[in-house]
Amino acid sequence: EEIMMRFKDLKFTPTNAPKGAQSVLHFGDYELSIVNTGYGSDQGLYEIGCFQHGKFVELPGITETGDTVKGFLSEQEVDGIMIKMYTITGKNPTVGKS
């Protein structure tokens, strides 16, 4: 089985603080937040954060040790992280509460 969603399929919701847009994907107990307002946003790049049960978490192979966000990501790199999240959790991403 293969991941059913890619970056091009993401729906971004406007955010006010900071002003920008965010997409949140649910992989079972994990959430992946993708924003265009984080590290690298001035270069048109994205930042991701990983959550488990609403709390920031490190995910080996995705975030660095001691860090819960990763910035300066291209659309292709976000695609790769979505695939890794699918591989780690065994769950296809869903939007909204899962």
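## A first look around Glu47 and its surroundings

The backbone nitrogen of Tyr39 lies 2.8 Å from a polar atom of the Glu47 side chain, a polar contact (N or O atoms within 3.5 Å; within protein, one must be able to donate a hydrogen and the other to accept it, and residues adjacent in sequence count only if both atoms are side-chain atoms). Welcome to a predicted model, in which local features need pLDDT of at least 70, side-chain atom pairs count only at pLDDT 80 or more, and totals for chains, interfaces and linings use all residues. Residues are numbered from 1 along each chain as its sequence is written, and side-chain values use heavy atoms, with hydrogens and water left out.

- Glu47 lies in strand E4; helices (H or I, at least four residues) and strands (E, at least two) are DSSP runs, numbered from the N terminus.
- Glu47 is buried but has no salt bridge. Here, buried means under 20% relative accessible area, exposed over 50%, and partly exposed in between (1.4 Å probe, protein chains only). A salt bridge needs a side-chain nitrogen of Lys or Arg within 4 Å of a carboxyl oxygen of Asp or Glu.
- For Glu47, the nearest side chain of opposite charge is Lys70, 12 Å away; Lys and Arg count as positive, Asp and Glu as negative, while His and the chain ends are not counted.
- Leaving aside neighbours within four places in sequence, Glu47 is in contact with residues including Ser33, Ile34, Tyr39 and Lys70, where contact means heavy atoms within 4.5 Å.
- Ile48 is also placed in strand E4, and it counts as buried because its relative accessibility is 1%.
- Beyond its neighbours within four places in sequence, Ile48 has contacts that include Leu32, Ile62, Val69, Leu73 and Ile81.
- Glu31 and Ile48 are 17 residues apart along the chain, and their C-alpha atoms are separated by 10 Å.

**Aromatic rings**

- The structure holds five aromatic pairs. Rings of Phe, Tyr and Trp (its six-membered ring) pair if their centres lie within 6.5 Å; planes under 30 degrees apart count as stacked, over 60 as edge-to-face and the rest as tilted.
- One of these pairs joins Phe7 and Phe12, which are tilted at 50° between the planes and 5.9 Å centre to centre.
- Phe7 counts as buried, at 8% relative accessibility, whereas Phe12 is partly exposed, with a relative accessible area of 30%.
- Phe12 also pairs with Tyr46, again tilted, at 6.0 Å centre to centre and 35° between the planes.
- Tyr46 counts as buried, at 15% relative accessibility.
- Together, Phe7, Phe12 and Tyr46 form one aromatic cluster.

**Backbone features to look for**

- The peptide bond from Ala17 to Pro18 is cis, with omega near 0°, and Pro18 is found in the loop between E1 and strand E2 (19-27).
- His53, in the loop between E4 and strand E5 (55-56), has a phi near 50°, a positive value in a residue other than glycine.
- With a relative accessible area of 62%, His53 is exposed.
- Phe72 has a positive phi of about 60° although it is not a glycine.
- Phe72 belongs to strand E6 (residues 69-73) and is partly exposed, at 45% relative accessible area.
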